[in-house]
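Dear colleague,

I am pleased to hand over the structure shown here. My findings follow it.

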Amino acid sequence: IRAAKRPWSCDTFVALPDVTADGSMLLAKNSDRPAGECQPLRYWPRRQSNATSTLRLAYLDIPDVRQSWAHLGGSPYWCWGHELGLNEWGVGIGNEALFTRDLAEHITQSRRGQRPPVGILGMELVRLGLERATTAQEAVTTITELVAAHGQWGSGVPGGPIEEGAYDNSYLVADPREAWVIETSGHRWAARAIRTGTYAISNQPTIRTEWDRASQDLTDHAIEAGWWPANENPRFDFARAYIDPGTPLQVSHVRLQRSRQLLADASRHGKITFDQATRVLRDHYEDTFLGGPYFTAALPDLMTLCMHDSPAGFTWGNTASSAIMLMPDTSDQLPHLWWAAATPCTSVYLPIFPAAASVPNAVALP
């Protein structure tokens, strides 16, 4: 019962301009949250602060920056941070919960009364990346520097102890020209540039033996902790070393492979379109040997990309919102997102632009 309550949903993918129908960067996410938790979409204008200002987060204060950029953000009603968002510069970010060895050790320590230092929630890091970056690379730098400085120990679920609601995070970050995946464990991280095609993430690390940027002690920390042999053979594998073996992979791996399959199928039949992106986000394993839901998606058989709360309690909740962000690299088109305010199979996607400097009241209400 305890395991079923862990926040182990969400799915995110990116399609680069070389494989999209209109040549735009496309970043999409299904944000899965506890059943009954609403997730409004709001517009946040530019904000200026003085040099001594601090920013109050859920668990700690951090220095503010002089200039914060305007953005759209989808947030659980109780949270300052975002599950996903798009800023005025066309930087989009979505995150995923990761369950790592560092996290498992923190949970064990906390239950023994040895409280780990609190840190920054993954949702807060999404918002901080949007507020402080004009490019994807700047967002990568913002997020990774904050992870290294503060860690991520805190609950991403209201009303319960940190031990039950804590998770590390992975992120997909994109702008009109570049896309990056960041994967974290405690204070450590690895980041990889995505240079072509598509890339999908779920609730497990995907960076293995190759990355473009990483914590300096990424390998040494794993060796010192006994998670990786001290010799150089085999080649260091970030995902293998840092993933928590006590977390079952089937809750994420099947969904990850399904999104990869659907994206690959779409690419083989031409360029990826908006409609094909919605098809991925609305998937319940239709047109597979599973045949989709036996009765209805509201009575789910499996944990699917489009998540529905299970009466049997084996899914974590519902897809509370879904978004497809489009970032064109042309001066005559504006970055925008298409927003669905509930499970995508039961919703329509509404186009919303950061440049409009507002959102409809109906989608902003908690």
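**Rings, charges and a sheet**

Arg 127 lies over the face of Trp 44, 4.2 Å from the ring centre; such a charge counts if NZ of Lys or CZ of Arg is within 6 Å of the ring centre and within 35 degrees of the ring normal. The charged end of Arg 213 likewise sits over the ring of Trp 180, at 5.8 Å from its centre.

Please note that this is a predicted model, in which local features need pLDDT of at least 70 and side-chain atom pairs count only at pLDDT 80 or more, while totals for chains, interfaces and linings use all residues. Residues are numbered from 1 along each chain as its sequence is written, and side-chain values use heavy atoms, leaving out hydrogens and water.

There are eight aromatic pairs, that is, rings of Phe, Tyr and Trp (its six-membered ring) with centres within 6.5 Å; planes under 30 degrees apart count as stacked, over 60 as edge-to-face and the rest as tilted. Trp 69 and Trp 89 form an edge-to-face pair, 5.3 Å centre to centre with 80 degrees between the planes. Trp 69 is buried at 16% relative accessible area, whereas Trp 89 is partly exposed at 39% (buried is under 20%, exposed over 50%, partly exposed in between, with a 1.4 Å probe and protein chains only). One aromatic cluster is formed by Trp 211, Trp 228 and Phe 236.

Finally, an open sheet of six strands has the order E14-E1-E2-E16-E17-E18, with antiparallel pairing. Strands are DSSP runs (E, at least two residues) numbered from the N terminus, and two of them pair if DSSP finds at least two bridges between them.

Methods
Helices (H or I, at least four residues) and strands (E, at least two) are DSSP runs, numbered from the N terminus.
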